[in-house]
Amino acid sequence: MPGFGQLYNRQFFKGVIFILFEHWGNMAGNINKAIQLDFNGLHQQALDVFVYDGVLFYPGFYAYVVWDAWYYAKEGANKTTTAIPFAIAGFLGEFGAIFAMKLPVPTLTIGLLMIIPMIIGMIIFRKQ
């Protein structure tokens with residue numbers, strides 16, 4: 001959950017702010033309701049409950065928060081190069097949200113579009 005990595009890194013103020021933004025973005029976009037409907041096979045209903053103003057905020061925010069927690073937990077990480085896979089993940093999440101109506105399982109697909117580049121980036125930059 002966004003903000004918990006910052007709490008783990010002892011960045012308490014930033015962590016609480018990120019948790020509040022996460023809850024606001026989640027509620028503004030009806031993301032949890034859409035995930036619940038989508039995972040139960042009600043894909044069109046999931047798309048209908050999305051509030052796209054809130055949904056479009058979330059992928060970029062989520063990718064940034066994960067990168068921020070990972071960057072500050074990783075001693076000696078290069079701020080410029082390590083951000084690239086996370087920025088790609090944010091863009092893929094945004095494009096996934098924009099084209100959600102054309103995806104078979106929208107919420108799962110968008111999540112995978114974001115998680116895969118982030119994991120690859122963590123693997124590539126794990127030794128830095």
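In which hand, left-handed or right-handed, does α5 pass α6 in their crossing? The crossing is right-handed, a term that applies when the near helix is turned clockwise from the far one by less than a right angle, anticlockwise being left-handed. This is a predicted model, in which local features need pLDDT of at least 70 and side-chain atom pairs count only at pLDDT 80 or more, while totals for chains, interfaces and linings use all residues. Residues are numbered from 1 along each chain as its sequence is written, and side-chain values use heavy atoms, with hydrogens and water left out.

Helix α5 covers residues 52-73 and helix α6 residues 79-98, and their axes come within 9 Å and cross at roughly 160 degrees. Here an axis is a line fitted to C-alpha atoms, for helices over the stretch in contact, and the angle between N-to-C directions runs from 0 to 180 degrees. Because angles over 145 degrees count as roughly antiparallel, α5 is roughly antiparallel to α6. Residues of α5 that make the contact (heavy atoms within 4.5 Å) include Y52, F57, W67 and W70, and among their partners in α6 are K79, F86, G90 and I98. By class, this contact has 16 nonpolar, four polar and two charged residues, where Ala, Val, Leu, Ile, Met, Phe, Trp, Tyr, Cys and Pro count as nonpolar, Asp, Glu, Lys and Arg as charged, and the others, Gly among them, as polar.

Leaving out residues up to four places away in sequence, G60 touches G90 and E94. With a relative accessible area of 31%, G60 is partly exposed, the class between buried (under 20%) and exposed (over 50%), as found with a 1.4 Å probe on protein chains only.

A second pair of helices meets at another angle: the axes of α3 (residues 31-39) and α7 (residues 106-124) come within 8 Å and cross at roughly 110 degrees. The two helices are therefore roughly perpendicular to each other, the word used for angles of 65 to 115 degrees. A34, I35, D38 and F39 of α3 meet P106, T107 and L108 of α7, and by class this contact has five nonpolar, one polar and one charged residues.

For the protein chain as a whole, the secondary structure comes to seven helices and zero strands, both being DSSP runs numbered from the N terminus, with helices (H or I) of at least four residues and strands (E) of at least two. The radius of gyration, taken over C-alpha atoms, is 15 Å, close to the 14 Å that the globule rule (2.2 Å times the number of residues to the power 0.38) gives for 128 residues, so the chain is as compact as a globular protein of that length. Buried residues make up 39% of the 128 residues. Of the contacts between residues at least 6 apart in sequence, 63% join residues at least 24 apart.

Two buried residues show such surroundings in detail. N26 is found in helix α2 (residues 12-29) and counts as buried at 10% relative accessibility; beyond its neighbours within four places in sequence, N26 is in contact with I31, N32 and Y58. Q11, in the loop between α1 (4-8) and α2, also counts as buried, at 19% relative accessibility, and with the neighbours within four places again set aside, Q11 is in contact with Q6, D68 and Y72.

Technical notes: Parallel < 35°, antiparallel > 145°, perpendicular 65-115°, else oblique.
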